[in-house]
Amino acid sequence: MERIEYQINQSSYDDIYDHLIACDVYFVPRLSEKVAIDIYSKKIIDNAIRIEAWENNVLVGLIAFYSNKENSFAYITNVSVLNEFKGIGIAKKLMQETINEVQKIKFKTIQLEVNKSNSKAISLYKLLDFEIDDENQDNYLMKKIL
């Protein structure tokens, strides 16, 4: 494995689309069961701030978040890492970079939604001081106060 490089907003639509297609089966539930990946990729490229992990010009990890300037909070819409790159700390590093970026824009809160059965993701978020704020039948709404 080559060295992982972390960037902000360097990906193209094709990079995001290809990455999300490759990660689709690892989402809980599958991403394609919730959104049309082509439309979702376009929304991310047009509206989200993207924290990215790259190896050899391949997008191996991605966090996308939206900022709500009126309420001073960021909402993470996507956290994904290619399967062959899982377990080496990329998601944690991407989350830390996201937290840093949100602090730079002086926001007070980060929120995200996670499926209740996604125990690995929940553990990572709790490790980074996210707390369960609300829940519905399938998901937790988690937040971190900055």
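Biologist: Before we start, what are the ground rules on numbering, pLDDT and atoms?
Modeller: Residues are numbered from 1 along each chain as its sequence is written, and side-chain values use heavy atoms, leaving out hydrogens and water. As the model is predicted, local features need pLDDT of at least 70 and side-chain atom pairs count only at pLDDT 80 or more, while totals for chains, interfaces and linings use all residues.

Biologist: Which residues is Leu112 in contact with, leaving aside neighbours within four places in sequence?
Modeller: Contact means heavy atoms within 4.5 Å. Leu112 is one of the residues with the most contacts inside the core. Its partners beyond those neighbours are Tyr75, Ile76, Met95, Tyr125, Phe130, Tyr140, Leu141 and Met142.

Biologist: Why do the buried residues of α1 line one face of the helix?
Modeller: In α1 (residues 13-23), the buried residues are Ile16, His19, Leu20 and Cys23. An α-helix has 3.6 residues a turn, so residues three or four places apart point the same way. Taking the arc from the directions between the helix axis and the C-beta atoms, the buried residues of α1 line one face because they fall within an arc of 95 degrees.

Biologist: How are α1 and α2 set against each other: parallel, antiparallel, perpendicular or oblique?
Modeller: Axes are lines fitted to C-alpha atoms, for helices over the stretch in contact, and angles run from 0 to 180 degrees between N-to-C directions. The α1 and α2 axes are 9 Å apart, at an angle of about 135 degrees. Under 35 degrees counts as roughly parallel, over 145 as roughly antiparallel, 65 to 115 as roughly perpendicular and the rest as oblique. So α1 and α2 are oblique.

Biologist: Which residues of α2 are buried, and which exposed ones sit on the face turned away?
Modeller: Ile37, Tyr40, Ser41 and Ile44 are the buried ones in α2. Their arc around the axis is only 100 degrees, which puts them on the same side of α2. The face turned away from that buried side carries the exposed residues Ile39 and Asn47.

Biologist: On to α3 and α4. Which residues make their contact?
Modeller: Helix α3 (residues 90-104) and helix α4 (residues 119-127) pack at about 45 degrees, their axes 11 Å apart. The two are therefore oblique to each other. On the α3 side the contact is made by Ala91, Lys92 and Met95, and on the α4 side by Leu124, Tyr125 and Leu127.

Biologist: Where does α4 put its exposed residues, on the face turned away from its buried side?
Modeller: The buried residues of α4 are Ala121, Ile122, Leu124 and Tyr125. They cover an arc of only 160 degrees around the axis, which puts them on the same side of α4. The face turned away carries the exposed residues Lys120 and Leu127.

Biologist: Lys106 has a positive phi; is it buried or exposed?
Modeller: Lys106 is not a glycine, yet its phi is about 65 degrees. It is found in the loop between α3 and β5 (109-115). With a relative accessible area of 62%, Lys106 is exposed.

Biologist: Last one: is Trp54 buried or exposed?
Modeller: Trp54 lies in strand β2, and its contacts beyond neighbours within four places include Arg3, Gln10, Asp15 and Leu59. At a relative accessible area of 12%, Trp54 is buried.

Notes:
A nonpolar core is a set of buried Ala, Val, Leu, Ile, Met, Phe, Trp, Tyr and Cys residues joined through side-chain atoms within 4.5 Å. Buried means under 20% relative accessible area, exposed over 50%, partly exposed in between (1.4 Å probe, protein chains only). Helices (H or I, at least four residues) and strands (E, at least two) are DSSP runs, numbered from the N terminus.
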